Amino acid sequence: MNKKIGIMGGTFNPIHIGHLLAASSALETFELDEVMFIPNNIPPHRRNEEFLVSGELRYQMVSLAIESNPQFSVSREEIDRKEVSFTSDTVTRLKEKMPDVDFTFITGMDSLMKNKWYKLDNLLEMLERFVAVTRPGFSPGEFEAARKELCLENDNKISMMEMPAVGVSSTMIRERIRSGKSVRYMIPEKVESFILEHHLYK
Ligand code: ATP
Ligand code: MG
């Protein structure tokens, strides 16, 4: 049987418990062998509106967050490229490197609906499945509508997965840090210490 790897893409600015719980829920639900976190390059239009935190620092925070879980890994696949990567190009490269792996792409319902997915049908063809995990603020009805609206040939590969609701976002974490509020229990302790040490999001 082929190895089954989940791919969790995101900006992870910073990584928080919502990301970690989404990954471990998908691991359990789909009996994956491993979940690989792939921090992306922040698109140029987002660099001004947000606190600029380099790919390297976001990568290090993901590494700290996952180090105690042998089934989690982190990849430099996107941050080592200068440009902004499309998921379909990233998965094409992963498939070239690991042809015998079945990949499950894990994303939040908000990203499925709001992002413009470049060559989504093409991406679905390469994947075993594409999972949209539930996130507070997004209903299962909206998911069905979004899936229909995409009008894809391979839309049978898109499924929804329920996970325990976590109403935490990276935006919330950045805002809380900026205004001096606690982020304890929202992000792993080691990530919190790293942020303090590097004076991020201030
Ligand atoms: P930001 O507020 O900066 O957009 P974010 O919390 O949405 O940050 P991202 O790095 O954008 O984090 O998200 C990476 C992936 O994780 C996305 O697919 C997103 O939908 C999903 N995700 C993030 N937070 C949660 C959460 N609390 N529950 C479920 N999925 C989540
Ligand atoms: Mg987001």
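By class, six nonpolar, three polar and three charged residues line the second largest pocket; here Ala, Val, Leu, Ile, Met, Phe, Trp, Tyr, Cys and Pro count as nonpolar, Asp, Glu, Lys and Arg as charged, and the others, Gly among them, as polar. This is a predicted model, where local features need pLDDT of at least 70, side-chain atom pairs count only at pLDDT 80 or more, and totals for chains, interfaces and linings use all residues. Residues are numbered from 1 along each chain as its sequence is written, chains are lettered from A and ligands numbered from 1 in the order in which they are written, and side-chain values use heavy atoms, with hydrogens and water left out.

Helices (H or I, at least four residues) and strands (E, at least two) are DSSP runs, numbered from the N terminus. A pocket is an open set of points on a 1 Å grid over the protein atoms alone, where a 1.4 Å probe fits, with protein on both sides within 12 Å along at least five of seven lines; lining residues have an atom within 4 Å of a point.

| Pocket | Volume | Lining by class |
|---|---|---|
| Largest pocket | about 1,400 Å³ | 22 nonpolar, 21 polar, seven charged residues |
| Second largest pocket | about 170 Å³ | six nonpolar, three polar, three charged residues |

Of the 50 residues lining the largest pocket, Gly10, Thr11, Arg46, Ser111 and Asn115 are the closest to its centre. Elements giving two or more residues to that lining include α2 (44-47) and α4 (87-97).

Ligand 1 takes up the space of the largest pocket (more than half of its atoms lie within 2 Å of the grid points). Around the ligand sit 23 residues, the closest being Gly108, Asp110, Val166, Ser170 and Thr171; to count, a residue needs a heavy atom within 4 Å. That shell splits into six nonpolar, 13 polar and four charged residues.

Now the polar contacts (pairs of N or O atoms within 3.5 Å). A backbone N or O atom of Val166 is 2.8 Å from a nitrogen atom of ligand 1. Ser111 puts a side-chain N or O atom 3.0 Å from a ligand oxygen, and a backbone N or O atom of Thr11 is 3.0 Å from an oxygen of ligand 1. Taken alone, ligand 1 exposes 590 Å², and the protein buries 91% of that (Shrake-Rupley, 1.4 Å probe).

Lastly, the loop between β1 and α1 holds Phe12 and Pro14. Phe12 has a positive phi of about 50 degrees despite not being a glycine, while the Asn13 to Pro14 peptide bond is cis, with omega near 0 degrees.

Technical notes. A polar contact is a pair of N or O atoms within 3.5 Å; within protein, one must be able to donate a hydrogen and the other to accept it, and residues adjacent in sequence count only if both atoms are side-chain atoms. Grid points are joined across faces, edges and corners, and a volume is the space filled by probe spheres set on the points.
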